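Biologist: I would like to learn how to read a protein model. Can we take the features one by one?

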Amino acid sequence: MIYQEKNCMIVNMNESFSRDIGTDLAIEFAKRGSNLILTSSTESFDTNKNNINSKIEKIEETTKENGTKLTIKKLDCDSLLNIASFVSEIENSLEQPINYLIIFPFIPNETDHVITEEGFDSVYSAIYLSCFLLVQLLIPSLDKSLSKIILGVSKTHFKATGIYLNDILPKLQDITLGYDTIVQAAFLALTLFSRELAHELKNNKNTSNVTINCCQIDSQSFITTKTYVNLPDKFSSIVNDMFLLPDEDLVNQLAYNLLSLEIQDSNGLYFIEYKSNIPNNLTFDSQLRKTLYKISKKYTFLS
């Protein structure tokens with residue numbers, strides 16, 4: 001197979017916004033001959049044990065059929081220390097570099113919106129800071145000849161309004177922003193980070209063949225339906241079904257972004273339904289990107 005002996009890591013495979021995208025993507029890569037490293041949170045393993053096990057069984061069946069390896073790890077993104085420990089463990093066990101890294105940010109429930117032990121807003125830390133640190137620490141484990149990073153992002157921040165520049169930057173002991181606002185700010189921070197990191201990777205001869213892009217895993221049409229958000233629960237599934245892309249289409253979209261030769265050299269872009277888009281005008285603010293990057297490195301002890 002073309003992709004034989006490739007390593008594919010899918011982080012938070014069960015957190016892909018309450019759908020089976022992570023599982024289906026893992027199966028797709030196993031069919032292509034990739035070894036898999038999958039992570040999910042302890043909460044998902046404990047509260048959705050039967051669901052997790054059924055997904056793992058499907059993936060195991062495919063890996064056996066295609067002679068590839070499957071590694072399952074628990075990873076809780078509510079602590080930066082957990083991220084560092086996880087990467088240390090992975091580095092010691094990897095037999096070959098990672099070629100494909102797909103991260104679905106963990107989104108805490110509104111009831112879990114608190115200050116973490118490390119002093120950060122828990123929602124912002126889980127969505128943005130944990131992903132920032134994870135990517136940075138895993139870069140040495142990536143295949144420098146050719147590897148791709150995809151951040152699966154939510155529609156929540158697309159052309160977000162009411163977000164101020166200061167909202168996007170990490171802060172200690174601050175939980176003044178409402179839940180919806182901090183989710184938007186965190187995802188926007190993630191897209192800014194990907195653009196800045198893309199620039200840094202490209203300008204380093206050792207990582208010039210490593211690319212990072214964001215891929216929105218909800219359809220663009222859903223973005224225009226903000227007025228539906230407060231509908232009664234019984235209508236919510238109808239609205240979601242109307243505007244969300246089918247899982248199969250999303251898996252194909254993610255695989256396309258990772259494997260297609262047409263966009264092999266794309267870097268720092270934001271994809272919706274196979275096409276690059278501008279998620280928010282703030283992504284053009286190079287000074288904001290640099291400031292965010294610098295402060296994030298400071299708070300994650302990388303500088």
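Biologist: Among contacts in the protein chain between residues at least 6 apart in sequence, what percentage join residues at least 24 apart?

Modeller: First, a caution: this model is predicted. The share is 81%. The chain has 11 helices and 8 strands.

Biologist: How many residues does the protein chain have, and what percentage count as buried?

Modeller: The chain has 303 residues, and 53% of them count as buried. It exposes about 14200 Å², with carbon and sulfur atoms supplying 49% of that area.

Biologist: Which residues of the largest nonpolar core touch the most other members?

Modeller: Start with the general idea. In soluble globular proteins, nonpolar side chains tend to be buried together. Here the largest core holds 59 residues. Met9, Tyr128, Leu134, Leu151, Ile168, Phe193 and Ile212 touch the most other members. Helix α7, residues 179–202, gives the largest share of this core, 14 residues. A second, separate core has 29 residues, including Phe29 and Leu259.

Biologist: At what angle do helices α5 and α7 pack?

Modeller: Again, the idea first. Two packed helices are described by the angle between their axes and the distance between the axes. For α5 (residues 122–138) and α7, the angle is about 15° and the axes are 7 Å apart. An angle under 35 degrees counts as roughly parallel, so α5 and α7 are roughly parallel to each other. Their crossing is right-handed. Among the contact residues are Tyr128 and Cys131 of α5, and Ala186 and Phe193 of α7.

Biologist: Leaving aside neighbours within four places in sequence, what is tyrosine 128 in contact with?

Modeller: Tyrosine 128 contacts Ala186, Ala189, Leu190, Phe193, Leu292 and Ser296.

Technical notes
Residues are numbered from 1 along each chain as its sequence is written. This is a predicted model: local features need pLDDT of at least 70, side-chain atom pairs count only at pLDDT 80 or more; totals for chains, interfaces and linings use all residues. Side-chain values use heavy atoms; hydrogens and water are left out. A nonpolar core is a set of buried Ala, Val, Leu, Ile, Met, Phe, Trp, Tyr and Cys residues joined through side-chain atoms within 4.5 Å. Buried means under 20% relative accessible area, exposed over 50%, partly exposed in between (1.4 Å probe, protein chains only). Helices (H or I, at least four residues) and strands (E, at least two) are DSSP runs, numbered from the N terminus. Contact means heavy atoms within 4.5 Å. Accessible areas come from the Shrake-Rupley method with a 1.4 Å probe; for residues, only the protein chains shown count as cover. Axes are lines fitted to C-alpha atoms, for helices over the stretch in contact, and angles run from 0 to 180 degrees between N-to-C directions. Angles under 35 degrees count as roughly parallel, over 145 as roughly antiparallel, 65 to 115 as roughly perpendicular and the rest as oblique. A crossing is left-handed if the near helix is turned anticlockwise from the far one by less than a right angle, and right-handed if clockwise.
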